[in-house]
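Here is a short briefing on one protein chain. Keep the sequence and the 3D view open as you read.

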Amino acid sequence: MGVTGPIRVVVAKPGLDGHDRGAKVIARALRDAGMEVIYTGLHQTPEQIVDTAIQEDADAIGLSILSGAHNTLFAKVIELLKERDAEDIKVFGGGIIPEADIPPLKEQGVAEIFTPGATTASIVDWVNANVRQPA
């Protein structure tokens, strides 16, 4: 991944979720903070998300999951990044994710999870502090 220019983030809605307001709010907040954001839209497969992140030279993937399929979908995205030798792309996410599921997700390689009530400022701050350090 490049080390100059703005942080590039793919924001994606994997699976069958039909609600994307939260993802759009996060995408706008990241964009307003100076990041380049690629929003993939609804009903993306993990393969589509990883392909987009690699093609767009993304620094991070932000996943929004409300369906309850977070354990499966996060794991598949992490697995595909490993298979594609793209583990330098950080994965973070949010949505309706039970507290008990967060430690196992982080053990699998998810860098951070934001649950309902997280502020856009806290997400922007986390991305700025953790995704890529300027050259």
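In helix H5, the residues Ile123, Val124, Trp126 and Val127 are buried. They span an arc of only 160 degrees around the axis, so they sit on the same side of H5. Keep in mind that this is a predicted model.

**Helices with a buried side**

- Which elements cover the buried residues of H5? They include strand S1 (8–12), helix H1 (21–32), S4 and S5.
- An α-helix has 3.6 residues a turn, so residues three or four places apart point the same way.
- Helix H2 has its own buried set: Pro46, Ile49, Val50, Thr52 and Ala53.
- Viewed down the axis of H2, these buried residues fall within an arc of 160 degrees, so they line one face of the helix.
- The cover over the buried residues of H2 includes S1, strand S2 (36–39), S3 and H3.

**Aromatic rings**

- How many aromatic pairs does a search of the whole structure find? It finds three.
- One of them joins Phe92 and Phe114: the ring centres are 6.4 Å apart and the planes stand at 90 degrees, so this pair is edge-to-face.
- Phe92 lies in strand S4 and Phe114 in strand S5 (residues 112–114), so the pair ties together parts that are 22 residues apart in sequence.
- Both Phe92 and Phe114 are buried.
- Phe92 also pairs with Trp126, and this pair is tilted, with 5.5 Å from centre to centre and 50 degrees between the planes.
- This second pair links distant parts of the chain, since Phe92 is in strand S4 and Trp126 is in helix H5 (residues 120–130), 34 residues apart.
- Trp126 is buried, as is Phe92.
- Together, ring pairs link Phe92, Phe114 and Trp126 into a cluster.

**Nonpolar cores**

- The largest nonpolar core has 24 residues. Ile61, Leu63, Phe74, Leu81 and Val91 touch the most other members.
- Which elements give two or more residues to this core? They are S1, helix H2 (46–55), strand S3 (60–65), helix H3 (70–83) and H4.
- H3 gives the most to this core, with six residues.
- Look at Phe74 for a close view of contacts. Leaving out residues up to four places away in sequence, Phe74 touches Leu63, Ile65, Val91, Phe92, Gly93, Ile97, Leu105, Val110 and Ile113.

**A buried charge**

- Asp101 is found in the loop between strand S4 (90–95) and helix H4 (102–108).
- Asp101 is buried, yet it has no salt bridge.
- How far from Asp101 is the nearest side chain of opposite charge? That side chain is Lys106, and it is 13 Å away.
- Asp101 is in contact with His70 and Asn71, leaving aside its neighbours within four places in sequence.

**Positive phi angles**

- Most residues other than glycine have a negative phi, and most peptide bonds are trans.
- Asp57 is not a glycine, although it has a positive phi of about 55 degrees.
- Asp57 follows H2 and lies in the loop between H2 and S3.
- Is Asp57 buried, exposed or partly exposed? Its relative accessibility is 36%, so Asp57 counts as partly exposed.
- Asp85 also has a positive phi of about 55 degrees, although it is not a glycine.
- Asp85 is in the loop between H3 and S4.
- With a relative accessibility of 69%, Asp85 counts as exposed, because the cut-off for exposed is over 50%.

**Thr72 on helix H3**

- Thr72 has its place in helix H3.
- The relative accessible area of Thr72 is 58%, so this residue is exposed.
- How far apart in space are Thr72 and Pro46, from C-alpha to C-alpha? They are 9.9 Å apart in space and 26 residues apart in sequence.

Terms used:
Residues are numbered from 1 along each chain as its sequence is written. This is a predicted model: local features need pLDDT of at least 70, side-chain atom pairs count only at pLDDT 80 or more; totals for chains, interfaces and linings use all residues. Side-chain values use heavy atoms; hydrogens and water are left out. Helices (H or I, at least four residues) and strands (E, at least two) are DSSP runs, numbered from the N terminus. Buried means under 20% relative accessible area, exposed over 50%, partly exposed in between (1.4 Å probe, protein chains only). Lys and Arg count as positive and Asp and Glu as negative; His and the chain ends are not counted. A salt bridge is a side-chain nitrogen of Lys or Arg within 4 Å of a carboxyl oxygen of Asp or Glu. Contact means heavy atoms within 4.5 Å. Rings of Phe, Tyr and Trp (its six-membered ring) pair if their centres lie within 6.5 Å; planes under 30 degrees apart count as stacked, over 60 as edge-to-face and the rest as tilted. The arc is that of the directions from the helix axis to the C-beta atoms. A nonpolar core is a set of buried Ala, Val, Leu, Ile, Met, Phe, Trp, Tyr and Cys residues joined through side-chain atoms within 4.5 Å.
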